[in-house]
Amino acid sequence: MGEREQKLVEVVKRVLDVKEISLDTKKEDVEEWDSLKHLNLVLEIEEEFGVSIPLEKIGEIETVRDFLKFLEG
Amino acid sequence: MKGQYFIIGGGGTAKDVVAGLRGGDKSVAGVIVPDNEREQVSKWFGGRILSDDEFYKLVKDNSEEKISVVVAISNNDIRKKIVDNLLQFSNIVFPIVYLGNEEDGVVMGKKSLGEVVGRGSIIYPGVLINEMASIGEFVLINYGVYLPHDVVVGDFSVIEINASIGGGVEIGKKVTVAEGSVILPGSKIGDNAIVGLGAVVMRNVPSGATVLGNPAKVVFKR
């Protein structure tokens, strides 16, 4: 896992306050990952990585890995 | 214990209900919270504070008496869980609670509030309901909401401050319509959906979805 992936996982752990998180963690498997936390994740990842995730894409994010495509480029 | 209300919950909604009842002619018999919230509640409520167990004992000891309960918790899932548990006690009743001074003028038309709104619902001041609307049980309608003709609101839903709801809008069960959102006439909002802060809903919202933005889009689904 690269530096960026590791940082992403750390951000998700911190925002959800859940220890067991990997790139393949699905939102439906984490009780704490509710709609408000989902938006907090988006805002936090946008800030940490200096990116912008379009509103219409937010609903398509199902796993931690799904955030990666917004961090490239 | 006639005219006296037991309030369940120690958060913001409970504060609103206690304040609203104080302003009217009804009195608060006690507030029921878990032990770890007792100290916090004692800071703003000078009356009787009971734990769940103490309250259940009171309900059983007074089984011949009707006991009025207001479940003042804005989280729809928790509110439903508590109500489901309280339904085992046949002497508990759930009045509709209007938090303003005068119930007159809340319903536009000839019907009374009780003919338009289901039991256990909490209606804030500044709410206006067309008599051709139909509001379910244990619903919270917050300040500044107008519910026009043919609107349906399902049980255990909450409509927050200044939500703007069009005619004929059908809102399912356990739905949250957040502050300042706008729902276009005729839209349907599925059960357990959340219409986020300031969202402008232009079409139907599926069950379990959270929508946000203008025009509102699904940002989360469970």
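Predicted model: local features only at pLDDT ≥ 70, side-chain atom pairs only at ≥ 80, totals over all residues.
Helices here are DSSP runs of H or I at least four residues long, and strands are runs of E of at least two, numbered from the N terminus.

Looking at contacts in chain A with a separation of 6 or more, 48% come from residues 24 or more positions apart.

Next up is how the helices of chain A pack. Two packed helices are described by the angle between their axes and the distance between the axes. For helix H1 (residues 3–16) and H2(A), the axes come within 10 Å and cross at roughly 140°. Angles over 145 degrees would count as roughly antiparallel, and 65 to 115 as roughly perpendicular, so H1(A) is oblique to H2(A). The crossing itself is right-handed. On the H1(A) side, the contact is made by Val11(A), Val12(A), Val15(A) and Leu16(A), while H2(A) brings in Lys37(A), Asn40(A), Leu41(A), Glu44(A), Ile45(A) and Glu48(A). Sorted by class, this contact has six nonpolar, one polar and three charged residues.

H2(A) turns up again where the chains meet. Eight residues of chain A are in contact with 10 residues of chain B. On the chain A side, the elements that give two or more residues are helix H2 (35–49) and helix H3 (55–58). The class make-up of that side is three nonpolar, three polar and two charged residues.

Asp77(B) sits in helix H4, which spans residues 76–86. Is Asp77(B) buried or exposed? A residue with 12 or fewer other C-beta atoms within 10 Å is taken as exposed, and Asp77(B) has 11, so Asp77(B) is exposed. Asp77(B) also pairs up in space with a residue from elsewhere in the chain: Phe156(B) is 79 residues away in sequence, yet the two C-alpha atoms are 8.0 Å apart.

How values were computed:
Residues numbered from 1 in each chain as written. Chains lettered and ligands numbered in written order. Contact = placed C-beta atoms within 7 Å. Nonpolar A, V, L, I, M, F, W, Y, C, P; charged D, E, K, R; others polar. Buried ≥ 20, exposed ≤ 12 C-beta atoms within 10 Å, placed from the backbone. Axes fitted to C-alpha atoms, helices over the stretch in contact; angles between N-to-C directions. Parallel < 35°, antiparallel > 145°, perpendicular 65-115°, else oblique. Left-handed = near helix turned anticlockwise from the far one by under 90°.
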